[in-house]
Amino acid sequence: MDADMSAWQKAAQAKRQAILQAIPPKWRVQQQNLPVDVTGTYIRGFLNPREIEITEADAVLITTQTASGKWSAVEVTEAFCHRAAIAHQLVNCLHEFFFEDALGVAKELDDHLAATGKPKGPLHGLPVSLKDQFHIKGVDTTMGYVGWIGTFQGQKDDPRARVAESELVRELRDLGAVLFCKTSVPLTLMAGETANNIIGYTWNPHNRQLSSGGSSGGEGALLALRGSPAGFGTDIGGSVRIPAAFNGVFGLRPSAGRMPYEGAANSIDGQNTLLSVIGPMATSVGSLKLLFKAVLSQKPWLYDPLALPLPWRYDIEKETQKLIEASARDPSVLAFGIVHHDGVVRPHPPVKEAMIFIKHILKDKGHKVMDWDPQLCKEGQEIADKAYAMDGGEDLLSHMTLSGEPQPPQSFIGKSKHLSAREVAALNVQKRQYMKKYMDYWNSTSDLKATGKPVDAIICPTAPYAAVIPGKFRHAGYTTFINTLDYTSAVIPITSADKGIHRVESPPQFLSEVDQKVYAEYNAEIYDGAPVGIQLIGRRYEEEKILTLAEYITECIKLYSGEGLVQLAA
């Protein structure tokens, strides 16, 4: 270790090396010159055929196989541990890797199935990854802060260090899941790119010149490389949805109180104007539904004082399925609003084309489609920005001060004016009035449908760009207004940027200064291969409806993918 290094640099380097040393020598990658795209064929080159079969199955198929005993939990766990270890060496996506502990849990699950003939729960033998906000016994939670290494959230000699477990962790264990790694986050969490002073930058597996997004960027990157079949992130401004879209996977931002947050670490903890929420991320929409249902079956409201007593509502799921079935006879019974831009920043060509594609599908199916007023987005974005900074950045900066580490340029938060109690109250009033305004607008769309009902969901970009160039994430407004509204939002992968199709367009009439910057930074060559995902947005607590509609729209996309964006762009 370099004698000239500062104390924080030595601590970060030691932790970085510890993560790599947790990877068995037989799984170490020696390749020097990595390709731009390390997904698919490239990462498969490090695996045997059986490992590929297992790791490219989604969570629904895996649990079917493990619950029946056709696949052992040990075999499945080892395959994903191997692939996750490779993934980290390719894109820097892990903070913690506990292979031996995971195999021990998997062996217990196999023994349980052999002895009882029954799986432990609906997630029996399913490897699950977690964003590094969740406490797991025997494992550090650094959340990217050097000053948190070996402590409990920065508090030295705290007896909870490496002993405490988050409520979600306990429930996942009871459901039969196998926890095996924790994924990377940006320092402070408040960033659209994932970078910290411990592991460096988390790259996008589809294009290593680009970002994996943030703040659940490690989770998104790991899922893109199929190093995990399913995991959980958190979202206070797009932190589940942006990485899901950037990495070409599925993600769900539920309304506050549906998933248990108790016992998880967080930034700006105690700020209640906009609550951070936990949401599942996975390689299929069916996997999102599996995870969400499973956690709710544990009745988290009995253990988390902020969780709502709201189990999975099968009646709403069935009503939505009936609505979809009815649309086969009368397509107009389904209606969608389309947000083409948010009134602040226009989307880059790949995102614009994805929105054209999804609108084409819905109109071709005969569903009602209306353009959504973009001006409603801006106020929600402004409210969110004030909420994130109401303590003047004090909480985030205090955790960096523990080690003296510098703030990465990707972080959104800096020193600013503290809001007084009176100003916080006024902000909360503004938020409530905004929510009412948005509700009234949504209700007014009932005129669109012969049934007299408003639109069923909104479709909106997740960001103005596909997976972004490092240092160029400038606008999170497409997701933050949803957090202000506390609406349900699911991300569905649509396409990827193609330099042959998504060329630079003529300058539009710019909506703002940041719009002009974002436009100028589009480069078709660099963005080539970057995934694009869109949001399917419902009202508050409409997770059952939105997940069911997401399944339907995903199937529609598959059916139309033959004509795809190439034909539409021609």
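**Exercise 1. Two packed helices**

At what angle do helix α4 and helix α10 pack, and how far apart are their axes? Classify the arrangement and describe the contact.

*Solution.* The structure is a predicted model.

Step 1. Locate the elements: α4 covers residues 59–68 and α10 covers residues 285–296.

Step 2. Read off the geometry. The helices pack at an angle of about 60°, and their axes lie 8 Å apart.

Step 3. Identify the residues. From α4 come A59, V60 and T63, which meet G286, S287 and L290 of α10.

Step 4. Sort them by class. The contact of α4 with α10 comprises 3 nonpolar, 3 polar and no charged residues.

**Exercise 2. The surroundings of H95**

Determine whether H95 is buried or exposed, and which side chains make polar contacts with its side chain.

*Solution.* Step 1. H95 belongs to strand β1, residues 94–97.

Step 1. Buried means under 20% relative accessible area. The relative accessibility of H95 is 2%, so H95 counts as buried.

Step 2. The side chain of H95 forms a polar contact of 2.9 Å with the side chain of D132, and another polar contact, of 3.0 Å, with the side chain of N196.

Step 3. Beyond its neighbours within four places in sequence, H95 is also in contact with other residues, including K15, I19, T142, K182 and S184.

**Exercise 3. The nonpolar cores**

Describe the largest nonpolar core: how many residues does it hold, and which touch the most other members?

*Solution.* Step 1. The largest nonpolar core has 124 residues, of which F97, L130, L172, F232, I459 and L536 touch the most other members.

Step 1. Helix α5 (residues 73–91) contributes the most to this core, namely 11 residues.

Step 2. Apart from this core lies another, of 39 residues, with Y145, A335, V339 and L485 among them.

Note on methods
Residues are numbered from 1 along each chain as its sequence is written. This is a predicted model: local features need pLDDT of at least 70, side-chain atom pairs count only at pLDDT 80 or more; totals for chains, interfaces and linings use all residues. Side-chain values use heavy atoms; hydrogens and water are left out. A nonpolar core is a set of buried Ala, Val, Leu, Ile, Met, Phe, Trp, Tyr and Cys residues joined through side-chain atoms within 4.5 Å. Buried means under 20% relative accessible area, exposed over 50%, partly exposed in between (1.4 Å probe, protein chains only). Helices (H or I, at least four residues) and strands (E, at least two) are DSSP runs, numbered from the N terminus. Axes are lines fitted to C-alpha atoms, for helices over the stretch in contact, and angles run from 0 to 180 degrees between N-to-C directions. Contact means heavy atoms within 4.5 Å. Ala, Val, Leu, Ile, Met, Phe, Trp, Tyr, Cys and Pro count as nonpolar, Asp, Glu, Lys and Arg as charged, and the others, Gly among them, as polar. A polar contact is a pair of N or O atoms within 3.5 Å; within protein, one must be able to donate a hydrogen and the other to accept it, and residues adjacent in sequence count only if both atoms are side-chain atoms.
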